[in-house]
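Below is a briefing for a reader new to this structure. It takes the topics one by one, after the sequence and the model have been shown.

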Amino acid sequence: MYAESFQKSLALVEEAREKNIALEPVRMTAEQKETLLATFHPDYKADEFVTLTVGPNKGDKVPTELGEILQAHSRITADSVDLNAPDYDVDVLVIGGGGAGTSAAIEAHEAGAKVMIVTKLRMGDANTMMAEGGIQAADKPNDSPAIHFVDAFGGGHFAAKRELLAKLVCDAPEAIQWLSELGVEFDKTEDGTMVTTHGGGTSRKRMHAAKDYSGAEIMRTLRDEVLNRQIPVVDFTAAIELILDDKGNAAGAVLMNMETKELYVAKAKTVVIATGGAGRMHYQGFPTSNHYGATADGLVLGYRAGAKLLYAETLQYHPTGTAFPEQIFGALVTEKVRSLGAKLVNVNGEVFMHPLETRDVTAASIIRECSERGNGVETGNGLGVWLDTPMIEKIGGEGTIEKRIPAMMRMFGKYGIDIRKEPILVYPTLHYQNGGLDINVNGMTTNITNLFVAGEAVGGIHGKNRLMGNSLLDIIVFGRNAGINAASAAKNTEVGTLTLDHIAKFENELKDAGITTDTVSPKLLPDYTRKVNA
Amino acid sequence: MENMVNIFLFGKKYSVPENLTIMTAMEYAGYQLVRGCGCRNGFCGACATIYRIKGDRELKACLACQTKVENDMYIATLPFFPLVKEVYDMNKIKPTEAVMMQLYPEIYACVGCNACTKACTQELNVMQYIAYAQRGDFEACAEESFDCVMCGVCSSRCPAGISHPQVAMLARRINGKYLAPGCGHLEDRVKEIKDGEFNDLIEALMQKPVEELKELYNTREIEK
């Protein structure tokens with residue numbers, strides 16, 4: 001139920017619906033997309049970025065908020081803990097309990113390694129849990145890994161590390177098979193054929209889904225498998241600093257109990273960073289679709305220890321974050337809504353773009369519609385455009401929404417909006433960290449031996465923009481890959497003397513660069529408390 | 001000026017804007033959350049909460065991130081509930097009724113009070129999916145329980161001590177692995193890749209100059 005102020009625009013949307021369903025909007029040319037992005041995409045706003053002056057990426061630009069935590073003090077000094085008396089001693093230490101971390105842990109365990117997961121919230125508190133739309137894999141006869149490669153490489157502006165992308169697309173069908181064998185329930189027809197749809201920028205229908213709980217279904221299954229294997233999970237405990245050995249190899253981490261603040265030392269032969277994304281950094285003041293702990297911790301841990309970042313300046317703003325009601329402001333409206341036929345419509349009831357352009361292009365187009373063109377809908381909490389969900393029922397038949405996107409129906413239903421009958425209001429929301437730590441195809445960082453990275457904390461798999469459904473894919477493919485290779489490397493590793501010397505070294509670099517700051521990092525959690533006496 | 005309502009967090013009174021969710025109201029009141037806060041979007045089940053409106057006899061349950069505050073709302077969060085999770089080897093269990101009897105025999109002690117269904121934060125028919133599990137109808141149990149976020153409120157209300165979310169988890173995994181139809185095109189593709197049928201195509205893409213890849217991308221045919 002929308003208030004009176006929305007009714008005039010709503011009437012225009014309803015009136016034009018039949019005509020808009022029939023309309024096949026033209027896709028933008030390469031030049032049109034480039035101009036649009038340069039003018040309206042947040043990644044191109046130069047004054048929202050800083051140049052790093054210390055560390056392995058000195059001279060590179062990153063979002064201002066990321067720069068602040070990368071060039072910050074450690075939470076500890078080297079003498080805060082006794083490295084000679086480790087509290088945990090394992091082969092493989094996995095930092096992070098999301099999709100990538102659990103996949104890595106399962107594979108490392110399968111390979112016979114002694115593995116442990118440490119996670120600052122609960123296992124499964126991760127962006128994986130919130131991924132709604134699906135997972136890509138080129139497993140239909142009219143598709144191939146090569147076509148998948150071209151879609152993703154182009155969608156990522158031809159910047160992906162090709163060997164990483166090749167692994168992503170070639171291992172995709174096996175990833176789906178692995179998940180199926182663990183018991184993940186993919187949407188299938190009665191003969192077992194996968195029900196697949198398009199995502200923005202795909203040229204074949206290769207989006208596999210489990211209704212619109214795709215990530216949740218995958219995450220809860222992986223979590224259950226970790227528990228079945230009785231892999232130790234130390235929850236509500238954050239990694240706050242990597243530990244190296246005297247050879248400069250990764251050899252563990254300093255951990256902190258999130259509730260008691262007690263510190264622990266975890267010694268390991270190999271370390272996997274699987275800490276996820278950065279939405280809760282709220283770059284440029286954007287709301288986010290991310291979970292509570294998405295604060296770029298892995299980037300900070302790696303960077304301070306000397307690991308290189310790649311494309312940390314590129315973020316993904318999901319075009320359809322919720323713009324109304326304010327209680328769910330910024331929450332994700334899955335791209336699957338557009339895959340199923342809903343189009344984006346402005347205040348006048350006009351379709352202003354093809355609904356399945358890539359995410360960066362779609363986000364920039366919505367921002368243009370709401371700014372330069374003045375065709376946004378005033379929501380009482382900013383601007384938005386309509387996403388005309390009732391089109392789905394008209395195209396797919398009555399009941400399609402309840403069957404295919406029940407989570408969306410529930411999310412808006414709680415606020416009295418029946419998305420089968422009424423459209424919803426959307427605006428871009430901070431969604432994904434395209435960049436991250438630079439890795440080789442074996443999952444190891446390019447410059448620190450025995451430091452592996454998987455999932456959203458990796459940079460370079462997708463280039464400078466990611467396609468829908470390639471993230472759930474990457475956490476599985478590169479999570480498993482990291483687990484297998486970390487277990488294998490652990491077999492040939494003799495850990496040297498543990499050190500935290502890099503903390504003082506980084507501190508000196510900050511001083512030499514003239515950086516004065518009170519910030520300590522990793523940030524671990526955002527602070528949303530109201531400041532009464534501050 | 002925002003309209004304010006009075007709420008009671010663990011019994012203590014706070015005045016908060018009426019448009020907030022329970023979660024954001026706690027933060028407005030000054031709580032820096034560590035427990036009881038996960039995805040903030042209704043998918044992870046971290047923020048199970050029970051509440052009663054003053055004067056109302058009914059105890060209600062919800063997710064704090066998905067529920068607006070109301071005046072005179074007495075709120076207690078349930079950030080952890082000790083569910084029973086049995087350990088099993090997915091490759092060794094059999095998709096038969098007996099597996100439930102072995103792992104979760106307490107489901108047969110269900111007294112039919114329906115407190116679980118009334119308490120479900122996702123409005124699922126919990127008692128019904130337990131009934132399906134009792135009968136060994138894992139497919140129906142999986143479908144009925146699909147939207148479960150495993151918050152555990154159902155189990156907190158159960159006089160028979162059933163861990164409903166874990167029963168449903170087992171049913172879904174059995175259904176996904178053993179009962180759902182196999183996928184021929186997936187098996188074929190995995191084999192083709194293992195046999196190296198795409199190696200040349202991929203290798204060619206690895207070597208191609210970017211300009212050629214741009215041309216390939218910009219002129220590619222898109223399936224309707």
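## Briefing

Leu93(A) touches Met116(A), Val118(A), Gly252(A), Ala253(A), Ala266(A), Ala268(A) and Val271(A), leaving aside residues up to four places away in sequence; two residues are in contact if their C-beta atoms, placed from the backbone, lie within 7 Å. This is a predicted model, in which local features need pLDDT of at least 70, side-chain atom pairs count only at pLDDT 80 or more, and totals for chains, interfaces and linings use all residues. Residues are numbered from 1 along each chain as its sequence is written, while chains are lettered from A and ligands numbered from 1 in the order in which they are written.

**Chain A overall**

- Chain A has 17 helices and 23 strands; helices (H or I, at least four residues) and strands (E, at least two) are DSSP runs, numbered from the N terminus.
- A compact globule of 534 residues would have a radius of gyration near 24 Å, and the 23 Å of chain A agrees with this. The radius is taken over C-alpha atoms, and the globule rule is 2.2 Å times the number of residues to the power 0.38.
- The C-alpha trace of chain A spans about 75 × 55 × 45 Å along its principal axes.
- Among contacts in chain A between residues at least 6 apart in sequence, 76% join residues at least 24 apart.

**Burial and core**

- Of the 534 residues of chain A, 62% count as buried. A residue is buried if 20 or more other C-beta atoms lie within 10 Å of its own, exposed if 12 or fewer, and partly exposed in between.
- Gly154(A), in helix H6 of chain A, counts as buried because it has 23 C-beta neighbours inside 10 Å.
- The largest nonpolar core holds 235 residues, of which Val92(A), Leu93(A), Val94(A), Val271(A), Val272(A) and Ala454(A) touch the most other members. Helix H16 (residues 470-491) of chain A gives this core its largest share, 11 residues. Such a core is a set of buried Ala, Val, Leu, Ile, Met, Phe, Trp, Tyr and Cys residues joined through C-beta atoms within 7 Å.

- Three strands of chain A form an open sheet in the order S6-S8-S7, with antiparallel pairing. Strands S6 (135-136) and S7 (196-197) of chain A each have a single partner strand, so one side of each is left without a neighbour in the sheet.
- S6(A) and strand S8 (residues 207-208) of chain A run antiparallel and are joined by two bridges; two strands pair if DSSP finds at least two bridges between them.
- Gln136(A) stands opposite Met207(A) in S8(A).

**Domains of chain A**

- An automatic or database domain assignment gives domain 1 (4-40 + 316-430) and domain 2 (73-132 + 208-314 + 434-501) of chain A.
- The C-alpha centres of these domains lie 34 Å apart.
- In chain A, 21 residues of domain 1 are in contact with 18 residues of domain 2. S14(A) provides the largest share of the domain 1 side, four residues.

**Contact between chains A and B**

- The contact takes 66 residues from chain A and 60 residues from chain B. H8(A) provides the largest share of the chain A side, seven residues.
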